[in-house]
Amino acid sequence: MTDATVTPGSQSALRQANERRVVDVLRRDGTRTQAELARATGLSAASVSNIVRGLRAAGTVSVRDTASNGRRARAVTLLRPPGTVLAVDFGADHVAVGVGDSDGNLLAREEIGYDVAADPARSVRRAAWLAETTLQRARIDLRTVSSAVASIPGPLDPGTGEVGAISCVPRWAGFRPAEALAERLGVPVAAENDANLAALAEGRRGAGEGAEHLIHLVIGEGVGAGIVLSGELFRGAGGTAGEIGHIALDPRGQVCRCGNRGCLETFVGARYLLAMLPRNSEVARGPGGPRVTDVVAAARTGDPGCRRIIAEAGTALGQGMAIVANLFNPERVTLGGGLAEAGDLLLEPMRRAMELGSLSGALRDLTLVSGSLGRDASLYGALWTASRVAR
């Protein structure tokens, strides 16, 4: 038996190809001895032994002593597929990168503050640099990355991969982040809306676990929702399903960035909430300017103005979600984003408004809770999605 013929390329590429052959046999046939692996792959016994040694060191396979035809042998069992996946989370004011194993479990994470909204091309270059830096610090070779998923704070056309015109990163309109990032990293990249990824993560391992019909809200600069129906992500025909921030609540309200008046976003989006703060309030005069998390912290300590702001935001959210509950009849609604940290200060007025605006049958089996994965929900969702793509 001889190893595969060496074609133009590196020895590392040849070793990876031979490693995949061994893993494919184990995935297909289950536990096999090293001798059986050599026969099934056409590789030499020495090559199989070296490959198994490397896979064992990486935690990909287990090896135990056994017997075959009366002779001592080494039985090899696949524990998990080899390889690494990558998640890139583009927030409005930061870029975060997560490195995961082939099952989507987080191995390393890095984040930097960055004005993502200003320039998509520069943001992608910065994200590629951060991804390479994160891999280097974790001592993981970029060549082991099998797939990557980018989380984008806006709707994406499922056919073209282009960012939609209405988002909290308007300069990204028409930009194709997956293509740009794949060109930089040299690995396959898919892009997905941040709320969709957060919904998948909360449903898999967070506050939405066990729910077949789940809606996860992400409340930040805007308001987006990831919709999971019968366990599957619902994107809509053009990828704009879940843009609930543009449900019209008041035809005479403020003009929204989408061009309509009185959208839900104009009641709960970060800049609208912060504009409600009295100029002479302690929160408004904080160093660096106020943030939603500052409003939440003040409300929790009893500040009456901040409590009022959050209560009114909860009422508006409830009015919007009453419509969504009537349409989709979810069994669970989870909330993410800085405003969700207000807990019952936000959830109670939201529940009351939903009770007034929803059919009783739509609320009978519905549970409303804060998400449990925090600001990394989209990152976890991207890792998990990347791990599925890799398989």
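**Strands, a crossover and a helix in a predicted model**

Mentor: Strand β7 (residues 145-152) runs parallel to strand β8 (residues 189-193), and 5 bridges join the pair. Strands pair if DSSP finds at least two bridges between them; helices (H or I, at least four residues) and strands (E, at least two) are DSSP runs, numbered from the N terminus. This is a predicted model, in which local features need pLDDT of at least 70, side-chain atom pairs count only at pLDDT 80 or more, and totals for chains, interfaces and linings use all residues. Residues are numbered from 1 along each chain as its sequence is written, and side-chain values use heavy atoms, without hydrogens and water.

Trainee: Which residue in β8 is the bridge partner of Ser151?

Mentor: Glu192 is the bridge partner of Ser151. The chain goes from β7 through helix α5 (residues 177-185) to β8 in a right-handed β-α-β crossover. Right-handed means that, with the strands pointing away from the viewer, the path from the first strand over the helix to the second runs clockwise.

Trainee: What is the order of the open sheet of 5 strands?

Mentor: The order is β11-β10-β9-β12-β13, with mixed pairing. β11 (232-234) and β13 (367-370) are at the edges, each with a single partner strand, so one side of each has no neighbour in the sheet. Inside this sheet, β9 (residues 214-219) and β12 (residues 332-336) pair in the parallel sense over 5 bridges, with Val218 opposite Gly336.
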